[in-house]
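Thanks for coming. I will walk through one model this morning, starting with a pocket and then going on to the sheets and the charged pairs.

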Amino acid sequence: GAFPFELTVPGGRVRAGGVTVIGILPLFRRRGLLSGLMRAQFEAMHERGEHVAYLWASEDRIYGRYGYGMASQTLWVDLSRDHAGFAEALATFPDVYERVAVRTPGMFARTPAWWVTRALRDAPDRRDGGGEHVRILYEEDGRPDGYAVYRIHAHWDDGLADGHVNVIEALGASPGATAAIWRSLLDVDW
C-alpha cells in the first residue's frame, strides 16, 4: 500500500507516498516478486505526482536496494512516574503538530482521519499491558503550544514501583514548549 501524504522537506512540502504493508510469503521468496511489486508501486506513485516515497520499515536492511535509507530514528525513554492532566486532544493537538511539521523536514501532513484512526486511537490491543492514553497539553498565553501522548505501564516488584512510561508522541512548537512537555514527562511519579 502507498497512502498519499505531504512531506516537509527543506523549503516546503511535497506530495509523497507513505509506503506500508509490503511483503511476500516465504513460499514465494527469491523470485523477483518484491522487486516487481516495488517497481509497480513507484510507477503508480510517480503517476500520481508523488516524487518521494517513505517507509516505516520493520526491518530496514531489506529496503536499501530499492533506494530507501535511514531518515530518522525513534528514541525510547524509560520513565517511572504517573501523573498528568487531560485535554481534548483532537481539538488542540493537530494545530501544534502542523506548526511543527511545516518547518521540520521529514514530517508529513496529517488528515483528520489520521488523527482519529491512527494518532489518537487507543485500542486495547495496542497497549502492550499498559493503561489508557494519557494526553497532556502545554499552553503559552492561552495558545496550545505543545503536547504529549503517553501510556503508563504500572508494575510493582516486592512492593516497590518498577513501572515505566511509553511516550507515544511529544511535540513542542517552540523550544520552551518542548522543554516544558519533557519536564512534565520526566516528572511523572512512580
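The lining of the second largest pocket divides into eight nonpolar, three polar and four charged residues. This is a predicted model, so please keep that in mind for everything I say. The volume of that pocket comes to about 360 Å³. There are 15 lining residues, and those closest to the pocket centre are Arg 29, Arg 30, Leu 34, Ile 62 and Arg 65.

Now the sheets. As a reminder, strands of a sheet pair through backbone hydrogen bonds, in either the parallel or the antiparallel sense.

In what order do the strands E1, E2 and E3 lie in their open sheet? The order is E1-E2-E3, and the pairing is mixed. The edge strands are E1, residues 2-9, and E3, residues 52-55, each of which pairs on one side only. On average, neighbouring strands here are turned by 40° against each other, with direction ignored.

Let me take the two pairings in turn. E1 and E2 run antiparallel and are joined by eight bridges. Within that pairing, Pro 4 stands opposite Gly 17 in E2, and Glu 6 has Arg 15 of E2 as its bridge partner. The hairpin of E1 and E2 has two residues between the strands, and in it Gly 11 takes a positive phi near 100°. E2 and E3, on the other hand, pair in the parallel sense, over four bridges. Gly 17 turns up again here, with Ala 53 in E3 as its bridge partner. Helix H1, residues 33-47, lies across E1, E2 and E3 and runs at about 150° to E2.

On to the other sheet on my list. It is open, has three strands in the order E4-E5-E8, and its pairing is antiparallel. Why is one side of E4 and of E8 left without a neighbour in the sheet? Strand E4 (133-140) and strand E8 (164-172) stand at the edges and have a single partner strand each, so one side of each has no neighbour in the sheet. Neighbouring strands of this sheet are turned by 20° against each other on average, again ignoring direction.

E4 pairs with strand E5, residues 143-153, in the antiparallel sense over eight bridges. His 133, for instance, stands opposite Arg 151 in E5. In the hairpin of E4 and E5, with two residues between the strands, Asp 141 has a positive phi near 55°. Which helix lies across E4, E5 and E8? That is helix H4, residues 175-186, running at about 170° to E8.

Last, the charged pairs. In general, side chains of opposite charge can pair when their charged atoms come close. With the rule used here, the model has eight salt bridges. One of them is between the side chains of Arg 13 and Glu 98, at 2.7 Å from N to O. That pair links distant parts of the chain, as Arg 13 is in strand E2 (residues 12-19) and Glu 98 is in helix H2 (residues 89-101), 85 residues apart.

That is what I have. I will take questions now.

Note on methods:
Residues are numbered from 1 along each chain as its sequence is written. This is a predicted model: local features need pLDDT of at least 70, side-chain atom pairs count only at pLDDT 80 or more; totals for chains, interfaces and linings use all residues. Side-chain values use heavy atoms; hydrogens and water are left out. Two strands pair if DSSP finds at least two bridges between them. Axes are lines fitted to C-alpha atoms, for helices over the stretch in contact, and angles run from 0 to 180 degrees between N-to-C directions. Contact means heavy atoms within 4.5 Å. On a 1 Å grid over the protein atoms alone, a cavity is a set of points where a 1.4 Å probe fits but cannot get out, and a pocket is an open set with protein on both sides within 12 Å along at least five of seven lines; lining residues have an atom within 4 Å of a point. Grid points are joined across faces, edges and corners, and a volume is the space filled by probe spheres set on the points. Ala, Val, Leu, Ile, Met, Phe, Trp, Tyr, Cys and Pro count as nonpolar, Asp, Glu, Lys and Arg as charged, and the others, Gly among them, as polar. A salt bridge is a side-chain nitrogen of Lys or Arg within 4 Å of a carboxyl oxygen of Asp or Glu.
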